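Please walk through this structure with me, one region at a time. Keep the sequence and the 3D view side by side.

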Amino acid sequence: MKRVLAQAVKELSQFWRDRLTVALAIVLPLLTLFIFGFAIRLESQNLPLVIQDLDNSPRSRAYIEQLFATNQFKPVPWPQGLTPEAALDQGQARAVVVIPPDFQRQMMRGETATVQVLIDGTDANNARFLQNALRATTHAFNQAMTSPQRPPPVAAETRLWFNPGRQETLFIVPGVMGVVLWVYPSLLAAIAMVREKDRGTIIQVYASDLRAEELLLGKGLAYLAIGGVEALVVIGLGMGIFGLRWAGDPLPFLLGTLVFLAAAVMFGLFIGVRANSQNVAVQGVALIGFLTALLLSGFIYPLANIPFPLSLISHIVPARYYIELSRNTFVRGSGWSGVWWQVAMIVLLGWLLFSIARRLLRRMQLPD
Amino acid sequence: MSLPLSSPIHRTSAGAVAAGDTEPVIAVQGLRKTYGSTLAVDGIDLVVYPGEVVGLIGPDGAGKTTTFHILAGVMEASAGEVRVLGQWPRHARLQTGYLTQQFSLYLDLSLEENLRYTAGLRRVPTARYEERRDRYLALMGLAPFKARLAGQLSGGMKQKLALCCALVSQPQILLLDEPTTGVDPVSRREFWDVLATLAATEGTTIVVATPYLDEAERCDRIALMYRGQIHQIGTIQELRDSLGLHRLEAHLASVQDLDRAAATLLSQNPPNQPPTIADVQTFGDRLDVLVSEVEGGIAELRSRLAAQAIPLTSLEVLPPTLENVFVTRLRQHTSDPPFIPFPTPRVPRPMPPLAIAATHLGKTFGDFQAVQGVNLEIRYGEIYGLLGANGAGKTTVIKMLCGLLAPTSGTMALAGQTENLRGAAIRQRLGYMSQKFTLYDDLTIRQNLEFYCGVYGIPRSQRGDRIAWVLTTCGLADQDQLITGRLPQGWKQRVAFGASVMHEPEILFLDEPTSGVDPLARRQFWRLIEDLARRGTAILVTTHYLEEAEHCNRMGFMVAGELVAQGSPRDIKASQPGQLVELVVDPIPAAAAYLKGVMAPWRVSVFGDRLHVVVDHPELALPRLQSQLQAAGLQLRSLRPIPFTLEDAFIGLVQRQETGP
């Protein structure tokens with residue numbers, strides 16, 4: 001135990017001495033938090049829309065008014081002397097709505113008036129969103145126009161739980177925490193490990209009778225402490241700037257954060273043990289750690305959408321469980337009963353990473 | 001093949017124990033180590049007794065580092081018995097201190113933090129740690145720098161700190177893998193004095209590898225290692241005796257005659273009688289001739305020189321050096337690397353008399369005077385050595401002369417030009433090779449050479465010849481498609497040298513060109529340099545190998561930015577005031593400690609089982625020394641004057657400059 005502490009103390013003083021790394025250890029997580037927290041908007045707003053109203057009647061104007069009633073769309077004029085479709089070609093609008101000349105007349109006659117909608121399908125996500133939004137608006141317009149002679153047979157009364165205002169930060173920021181607290185502590189730990197090999201100082205460690213687990217735990221402890229500071233900063237800012245609030249008992253989350261950081265550090269050490277140069281270590285963490293935490297964790301893309309073989313991998317991505325845990329803590333707030341499984345999985349995966357790293361290092365010798 | 005192990009020395013000093021009745025601390029039998037298909041260590045037998053200092057010498061790739069790794073327990077042997085303190089090396093790790101070739105220090109930690117961490121690793125109790133830390137830091141003269149970062153220490157100080165770290169757990173065995181590579185002569189001698197003290201006062205057993213053959217002479221026993229095998233082991237005396245040759249140092253009236261003299265001495269011996277002259281080596285101002293028998297050898301030498309009408313000014317009979325022993329042994333196993341003269345003859349050009357001329361050259365960085373008042377005159381065809389401790393300003397001088405750095409004061413002329421020294425025209429006529437000379441590791445050898453041909457603007461028609469010359473000289477003729485990064489350091493160095501002289505520079509700067517090169521290759525290297533000089537190239541070389549500096553025609557010693565002495569190797573040695581005496585005293589450690597108390601410490605150094613002492617006025621000092629030793633209860637067995645080596649001269653100069661006589 002004493003040697004574990006000696007290792008940790010040395011690691012911390014080395015870290016502290018390198019002011020650039022200290023600054024990066026704090027600045028990089030913050031930057032990531034801000035970039036993701038402010039820049040990612042899954043819901044689109046102010047989409048440019050071109051309207052060609054060939055009818056120009058009270059009904060058609062009412063329909064147009066309905067379209068721009070929310071901030072989802074903003075009107076743009078189509079290019080002078082060209083057809084409205086040209087606005088799509090030139091990228092000035094995302095969609096074009098053409099109202100036919102006999103729009104009002106057809107409606108008055110009780111017939112169905114047809115409105116032509118052209119959507120720019122380049123961005124599939126936006127296209128789907130536009131399609132839904134235009135359908136919904138048209139539906140609402142229909143309801144308003146047809147006087148309710150009889151009530152509809154079924155009416156679904158929907159209420160959003162946990163996040164009634166559909167605040168996006170409540171979705172994004174807890175997810176960012178999972179990415180940030182996975183990537184940076186593991187990066188620092190991996191570099192610390194591989195640096196010993198790079199500089200040859202590892203031979204001194206091998207030449208003593210320090211055991212593999214003592215080495216891993218010593219280094220792990222130091223970077224767990226550093227990761228803890230990062231976590232405090234990230235959580236603090238999440239609450240201070242992005243308005244996150246504990247939705248229930250924070251204890252499972254705080255404990256879960258600790259084991260998640262430990263798992264992240266073990267992952268970094270594992271990469272550091274395998275890699276033979278700083279470059280390889282950084283790339284290893286960036287590729288394996290960052291990509292899985294970003295894409296296979298449910299941070300942005302729903303877990304249910306991940307296709308079959310990849311979905312298996314998502315089960316061994318610790319960030320997945322941590323993001324579930326943090327979303328629960330800041331949005332749902334169900335306490336231990338909702339998150340014990342996630343915490344247990346993080347502990348299991350962390351232990352697994354530690355065991356593999358220990359196995360790789362067990363001889364504490366130079367490779368042949 | 002391996003010669004029978006010689007019996008270990010029977011030391012009578014404090015920590016020493018006579019062999020025979022003691023268990024060896026290291027016992028190695030039939031040790032082999034393979035990496036994939038390469039054989040790094042090929043059957044080593046080695047026995048080391050308590051309190052011994054054993055030197056392992058050999059070129060790069062001889063298997064020294066692998067042997068150390070195995071002895072330190074950080075690597076497993078492929079075959080063979082290895083016992084350290086009667087146990088597996090792994091189990092003896094806490095009793096072993098290992099100094100690796102790379103600085104095994106954390107450069108971003110302070111001295112104290114480095115020591116504390118090592119102590120923690122090696123389970124040293126706090127109270128003992130503090131006591132040892134203070135003791136060893138004081139012994140190494142590092143105590144004032146306790147709080148400084150290891151990265152801010154000089155090379156020599158780093159090595160001493162690394163030694164402190166190894167010592168803090170008070171190991172019974174110290175394994176030192178080239179601890180003095182890249183360390184200047186003064187620091188090197190201090191380092192060895194510390195080792196001698198440790199072996200003597202604490203009974204530490206030391207196994208040390210070194211590329212400097214002169215300092216290996218300070219070991220109790222020396223093992224010659226080559227291609228994974230120990231070819232010979234014994235005391236320096238035994239090694240010299242086994243060679244059965246004597247060394248004659250011949251000074252000629254004119255330095256210009258050296259090559260002719262060497263050629264005539266090397267020419268065929270009469271077939272019916274055994275050769276009296278075994279080997280000839282040219283140095284900057286003398287010839288070293290190895291002869292099998294003194295009388296006959298001298299007669300032969302005199303008659304051959306007389307036949308060529310080459311006047312001889314002096315002739316001295318001296319014991320062969322370790323380099324002689326090593327090279328002779330190596331020649332029994334490999335042939336000399338080929339010597340191939342430069343392919344295209346130099347087109348004679350009208351030349352100014354001086355290649356490099358500098359007057360009152362000075363350079364100031366901020367308020368630090370790195371170089372001041374340096375006057376240099378180097379002629380075409382001359383090899384000039386610039387020597388000095390780390391930080392003495394050698395590299396700054398070279399950089400100014402190359403045009404990489406603008407001087408703060410003074411004037412200089414390169415190849416007769418004083419203007420536009422940084423221009424392309426003059427650069428084409430310079431060559432520069434530094435220790436860190438970078439070939440591109442990820443290109444093939446041929447691609448590297450082609451690149452440098454392009455850089456130096458070698459005409460396309462000559463490129464093929466020049467590249468072929470470099471490749472054959474390096475012994476890499478069929479391997480030009482090899483990726484450069486895969487070459488061992490010593491080979492890379494040769495290719496780099498080839499690349500830097502391909503364009504036949506008129507002036508060549510060599511900054512520590514031979515570090516990490518084995519003795520045979522080093523000899524070939526110097527033949528090449530001498531060949532270039534003969535063709536009229538002016539060569540300025542820096543080196544830490546003072547042995548090697550003897551190859552220079554003239555040399556200059558720099559101390560603290562100033563050139564304090566210039567001259568031929570002989571002049572410099574002769575200009576040393578006083579006399580060097582060799583003492584055999586009992587017990588050595590007590591005598592060394594005592595003498596360092598009564599005279600300046602730099603004047604006394606331990607060489608294996610004897611002491612070297614510098615005295616200024618031998619006629620007065622020697623009788624006093626004898627009575628002083630007697631009064632101190634030390635037994636003086638013998639005392640004889642010996643000639644100064646360049647290293648002695650160097651250390652004397654530096655110390656006198658720094659501390660006053």
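A:L255 sits in helix α10 of chain A. Helices here are DSSP runs of H or I with at least four residues, strands are runs of E with at least two, and both are numbered from the N terminus. This is a predicted model, in which local features need pLDDT of at least 70, side-chain atom pairs count only at pLDDT 80 or more, and totals for chains, interfaces and linings use all residues. Residues are numbered from 1 along each chain as its sequence is written, chains are lettered from A and ligands numbered from 1 in the order in which they are written, and side-chain values use heavy atoms, with hydrogens and water left out.

Buried means under 20% relative accessible area, exposed means over 50%, and partly exposed lies in between (1.4 Å probe, protein chains only). The largest share, 3 residues, belongs to α14(A).

Now turn to the contact of the two chains. Chain B brings 30 residues and chain A brings 28 residues. Contact means heavy atoms within 4.5 Å. Together the chains bury about 2700 Å², 50% of it on carbon and sulfur atoms. Buried area is the accessible area (1.4 Å probe) that two parts lose on being put together, summed over both. There are 3 salt bridges across this interface. A salt bridge puts a side-chain nitrogen of Lys or Arg within 4 Å of a carboxyl oxygen of Asp or Glu. One of them links B:R123 to A:D209, with the closest N and O atoms 3.5 Å apart. On chain B, β1 (26–35), β5 (96–99) and α2 (111–121) each supply at least two residues of the side that touches chain A. The largest share of that side, 4 residues, is from α2(B).

Stay in chain B for helix α1. Of the 8 residues in α1 (residues 64–71), 7 are buried, so the helix is largely enclosed by the rest of the structure. Among them are B:F68, B:I70 and B:L71. Just after α1(B), B:G73 has a positive phi of about 80°.

Back in chain A, look at two loops and a helix. A:A93 lies in the loop between α4 (85–89) and β3 (95–99). Its relative accessibility is 0%, so A:A93 counts as buried. Leaving out residues up to four places away in sequence, A:A93 touches A:P48, A:V50, A:V76, A:A87 and A:L88. A:T137 lies in helix α6 (residues 124–145). A:T137 is buried too, with a relative accessible area of 9%. The C-alpha atoms of A:A93 and A:T137 are 18 Å apart.

A:S57 is in the loop between β1 (47–53) and α3 (58–67) of chain A. At 8% relative accessible area, A:S57 is buried. Its side chain makes polar contacts with the side chains of A:D55 at 2.5 Å and A:Q104 at 2.8 Å. A polar contact is a pair of N or O atoms within 3.5 Å; within protein, one must be able to donate a hydrogen and the other to accept it, and residues adjacent in sequence count only if both atoms are side-chain atoms.
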